[in-house]
Amino acid sequence: MDPSSGPREHPQLRAVPLFSQLPLHALDELDRHTRRRSYAKGAILVNEGDAGNELFIVCSGSLKVYLNDDQGREVILSVLGHGDHFGELALLDGAPRSASVEALERSDLLVINKPTFEAVLHGNPACMDVVVRELVGRVRELSENVRALALVDVFGRIARLLLSLAREDGDTQVVHPRPTQQDIASRIGASREMVSRVLKELVVGGYLSIEADRMVIHRKFPSRW
């Protein structure tokens with residue numbers, strides 16, 4: 001029998017923790033109501049304050065979730081990649097979008113409308129359990145971020161961010177793709193000039209090297225600077 005004629009396993013949907021435990025028939029139904037969209041670099045997918053009617057799942061590319069003000073100042077809340085999803089908060093409480101989302105590079109996403117999302121949750125209690133756990137995790141992360149902003153100096157915030165982005169590569173840790181100084185400043189609530197100064201000192205001290213497309217952490221950062 002031709003393998004292509006067999007049942008579809010929907011790997012993109014199955015890879016999302018929210019839907020990983022769904023039975024195949026539920027995935028089939030979900031897939032029938034899922035649209036696929038591509039966004040160019042710089043495209044704004046969601047604006048803070050918009051009505052929230054869709055859930056987005058990232059298949060490829062990367063996107064930033066951010067807040068900004070009338071003076072153009074920006075704070076990056078998170079950077080999303082393959083398998084991440086966003087938009088469920090507005091679907092759950094009916095409130096406007098709480099942040100904006102922009103594509104950092106060409107990105108492909110799956111889009112699920114509100115009625116379909118609600119049907120999945122109501123018909124599959126395991127999905128609701130995942131939603132609750134993820135929301136609890138976000139609250140804990142938010143609490144930690146507030147603590148860092150209030151109690152940790154700029155060096156500590158930079159070190160914390162780089163370590164959270166790094167991946168093991170032999171005896172070193174690598175941050176790839178390399179965030180810009182402005183990206184780092186926007187994510188930790190500091191000036192670009194202060195970030196530049198700290199990064200330069202880490203490089204001079206042999207803790208960090210900065211290459212064209214990545215950063216390499218060579219040894220453990222000091223506890224204080």
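The points below cover the basis of the note, then ring contacts, then charged pairs.

1. This is a predicted model, in which local features need pLDDT of at least 70 and side-chain atom pairs count only at pLDDT 80 or more, while totals for chains, interfaces and linings use all residues. Residues are numbered from 1 along each chain as its sequence is written, and side-chain values use heavy atoms, with hydrogens and water left out.

2. The count comes to one aromatic pair (ring centres of Phe, Tyr or the six-membered ring of Trp within 6.5 Å; planes under 30 degrees apart are stacked, over 60 edge-to-face, the rest tilted). Phe 56 and Phe 86 form this stacked pair, at 4.8 Å centre to centre and 5° between the planes. Because Phe 56 lies in strand E3 and Phe 86 in strand E6, the pair ties together parts 30 residues apart in sequence (strands are DSSP runs of E, at least two residues, numbered from the N terminus).

3. Phe 56 is buried at 2% relative accessibility, and Phe 86 is likewise buried at 9% (buried is under 20% relative accessible area, exposed over 50%, partly exposed in between, with a 1.4 Å probe and protein chains only).

4. The structure holds 13 salt bridges (a side-chain nitrogen of Lys or Arg within 4 Å of a carboxyl oxygen of Asp or Glu). One of them joins Lys 64 and Glu 74 at 2.9 Å, N to O; since Lys 64 is in strand E4 and Glu 74 in strand E5, this pair ties together parts ten residues apart in sequence. Lys 64 is buried at 10%, whereas Glu 74 is partly exposed at 25%.

Technical notes
Helix = DSSP H or I, 4+ residues; strand = E, 2+ residues; numbered from the N terminus.
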